[in-house]
Amino acid sequence: MSREQGSVLLMVLVFTSVLFTLALGILGRIQTYVQDSKSYQQKIQANALAQCGLVWAKLWLSRALEKKSLFLEHSQNKTLGSNTVFWSIQDEQAKFPLNFLIDKRGNIAAPYGQIFLRLLQEQGISLQRAQKILLAIKDWSDRDKLNSGDNGFEQSYYQNVLVPNRPLFFLGELRFIAGVGKELFQRLKKYVTLYSNGKINVNTASVLTLASLITPKERDYFKFAQRMKAYRENSLHLEQLTSPLWYNRVAGAKNFKLYHCITVRSHYFSILSRAKTGFTSYSIKLIVKIARNKENKIILQPVFREIF
Ligand SMILES: [Ca+2]
C-alpha cells in the first residue's frame, strides 16, 4: 500500500468513526424522545382513565342513593388490555368526626369528648395521654389563646409549630398536635374524619368505633360491639338496619346503650379512583357531600379533591 493510499484509508476510518458516534448520539436522543413521549402518553391515558373511574363511581353512588340503599360502600376493578382502573366508595361517617369535639364556644362537646377518649383508649393509649391529646386538640382548635389544663397547649407549648386556633383543616395536622405524633397518627387516621354532619353510621363503623360508642364501658362491652357487627352482616336482619336503634335487638343489649350521635344514613363519602397504564399510575381522591338541588334531585357536592 502506498503512503497516499494509507492516509486516505486513515481519513476514511476517522470520518466513519465520527459518523458512527454522531449516529449513536442521534439514536440515543430519538430513544429518549420516544420514551418521554411514551411516558407522557401513558400519563395522559392514566389521567383520562382515572377521570372515567371517578364518573363511574359517582354514577354508581347517585343511583344507589336514589334507590335509598343503606349499603353505599363499594369498589370495582376493571382491566382494559394492559390498563387497569380501580375505584372505591367509602363512608366518611363510619369514622369519628374530629371537628365536632369542640363546640362553637370553644368547649369540649358532649358526648364527643367521651367518645374520643374511648377511641384513643381502644388504641391502647392510657387515659392520661388521651386526656392530654383531647386538651391539646381543644387549644389547637378553639379561637382563644388561653391554655387549658395545668400548662395548656397553646402557642407557648410548641417551638416549631404554629397553632392555628381554628378547626382542623387537614387531617395531617393531627400529627403535630401535642401527644399525637407520627406513629399514633398512622394508627388513628382511618378512624377519624373532618367530613361529617356529626353522626356516626352504625351500619358502617368498625368494631373499634362501635366499642367507643358503647356506654357504660363494662365487662363484655367489646364483645357486644363484635356481636353488633355480626348482627348487621346477617342478611336476615337487613330490614332492621333502617333504624339506628337496631342494636337493641342484639343479644346482651339490655346492659348497654350507645351515645345518641348515631345514624344509618350518611351524607359524606370519599371516592378513590386509581388508573394504571404501563408503569404510570394516576389517582384521584374526591370527598362528596350528599345534597339536593332546587328540583329536589340528589347531587354530589365536592368538598375536597386530591390528585396523587
Ligand atoms: Ca386556641
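Two residues are in contact if their C-beta atoms, placed from the backbone, lie within 7 Å of each other. With that in hand, here's a tour of this chain, starting with how it is put together overall. Of the contacts with a separation of 6 or more, 58% link residues 24 or more positions apart.

A quick note before going on: this is a predicted model, where local features need pLDDT of at least 70, side-chain atom pairs count only at pLDDT 80 or more, and totals for chains, interfaces and linings use all residues. Residue numbers start from 1 along each chain as its sequence is written.

**Overall layout**

The chain has six helices and 11 strands (DSSP runs numbered from the N terminus: H or I of at least four residues for helices, E of at least two for strands). Its radius of gyration is 29 Å, well over the 19 Å that the globule rule gives for 308 residues, so the chain is more spread out than a compact globule. That radius is taken over C-alpha atoms, and the rule is 2.2 Å times the number of residues to the power 0.38. Along its principal axes, the C-alpha trace spans about 115 × 55 × 45 Å.

Five strands make an open sheet in the order 1-2-9-10-11, with antiparallel pairing. Strand 1 and strand 11 (298-307) sit at the edges with a single partner strand each, so one side of each has no neighbour in the sheet. Strands count as paired if DSSP finds at least two bridges between them.

| Strand pair | Bridges | Example partners |
|---|---|---|
| Strand 1 and strand 2 | Seven bridges | His74 and Ile89 |
| Strand 10 and strand 11 | Nine bridges | Lys285 and Glu306 |

Strand 1 and strand 2 also form a hairpin with two residues between them, and Gly81 in the turn has a positive phi of about 65°.

Now for what's tucked inside. A residue is buried if 20 or more other C-beta atoms lie within 10 Å of its own, exposed if 12 or fewer do, and partly exposed in between, with C-beta atoms placed from the backbone. Buried residues make up 28% of the 308 residues in the chain.

Helix 2 (residues 112-122) has eight of its 11 residues buried, so it is largely enclosed by the rest of the structure. Among those buried residues are Tyr112, Ile115, Phe116 and Arg118. The cover over them includes strand 3 (96-97), helix 3 (127-141) and helix 5 (207-213). Just after helix 2, Gly124 takes a positive phi of about 90°.

Phe116 turns up again in the largest nonpolar core, which has 59 residues; Phe96, Phe116, Leu210 and Ile214 have the most contacts inside it. Contributors of at least two residues each include helix 1 (3-66), helix 2, strand 9 (268-277) and strand 10 (280-292). Such a core is a set of buried Ala, Val, Leu, Ile, Met, Phe, Trp, Tyr and Cys residues joined through C-beta atoms within 7 Å.

Which residues does Phe96 touch, leaving aside its neighbours within four places in sequence? Its contacts are Ile115, Phe116, Leu119, Tyr191, Val192, Ile200 and Thr209.
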